[in-house]
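Below are some notes on the model, for reading alongside the coordinates.

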Amino acid sequence: MDAAQDTRWTPHVTVATVVVRDGQLLLVEEAIDGRAVLNQPAGHLEPGESLAGAALRETLEETGWTVRLTAFIGTYQWTAPDGTPFLRFAYAAEPVAHDPARPLDTGILRALWLDPAQLRADPARLRSPLVWEVIADYLAGQRHPLSIVKEIA
């Protein structure tokens with residue numbers, strides 16, 4: 001097979017964190033294509049980074065919250081309407097500390113706490129169907145030990 005025929009599927013690998021406090025979910029409102037949409041703290045895996053490390057980093061960068069991962073929720077495969085494939089690895093976490101002076105990532109308008117019913121009532125505000133799928137699994141009690149995800153050195 002020559003190089004032109006050697007096309008490989010290369011999905012975008014992302015992480016997301018479901019952080020719950022007093023029955024509310026930590027979310028980010030971000031500007032995407034001129035719209036304000038809601039997402040979990042989420043982002044792309046960086047080279048040399050573990051999935052858990054990426055989840056902690058993205059949560060801090062997008063919300064100013066330091067969190068402790070408590071469980072692995074699941075893995076989600078989705079193809080965006082433009083054909084971009086995604087693999088999302090979702091974690092559950094509890095809040096530890098907040099730094100309100102920390103600048104948030106570019107494109108993040110604000111971090112906010114919302115009741116799950118508020119999200120369910122307005123699905124058009126969600127960045128992608130992945131957002132509700134992860135939350136629904138979390139709310140249904142889907143939790144796996146963090147050890148289910150292994151990083152091989």
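1. Basis. This is a predicted model, in which local features need pLDDT of at least 70 and side-chain atom pairs count only at pLDDT 80 or more, while totals for chains, interfaces and linings use all residues. Residues are numbered from 1 along each chain as its sequence is written, and side-chain values use heavy atoms, with hydrogens and water left out.

2. Fold. The protein has three helices and seven strands, in the order β-β-β-β-α-β-β-β-α-α from the N terminus. Helices (H or I, at least four residues) and strands (E, at least two) are DSSP runs, numbered from the N terminus.

3. Dimensions. The radius of gyration, taken over C-alpha atoms, is compared with a globule rule of 2.2 Å times the number of residues to the power 0.38. For 153 residues a compact globule would come near 15 Å, and the protein, at 16 Å, agrees with that. The C-alpha trace spans about 55 × 40 × 35 Å along its principal axes.

4. Burial. Of the 153 residues, 42% count as buried (buried is under 20% relative accessible area, exposed over 50%, partly exposed in between; 1.4 Å probe, protein chains only).

5. Leu 51. This residue is found in helix H1 and is buried, with a relative accessible area of 16%. Leu 51 touches Val 13, Val 15, Leu 45, Phe 89, Tyr 91 and Val 149, not counting residues up to four places away in sequence; contact means heavy atoms within 4.5 Å.

6. Glu 62. Helix H1 (residues 51-63) also holds Glu 62. Glu 62 is buried yet has no salt bridge, and the nearest side chain of opposite charge, Arg 127, is 6.4 Å away. A salt bridge here is a side-chain nitrogen of Lys or Arg within 4 Å of a carboxyl oxygen of Asp or Glu. Lys and Arg count as positive and Asp and Glu as negative; His and the chain ends are not counted.

7. Salt bridges. The whole structure has eight. In one of them, the closest N and O atoms of Arg 110 and Glu 29 are 2.7 Å apart. Arg 110 is partly exposed at 40% relative accessibility, whereas Glu 29 is buried at 10%.

8. Glu 49 and Arg 57. These two form a salt bridge, with closest N and O atoms 2.6 Å apart, and both residues are buried.
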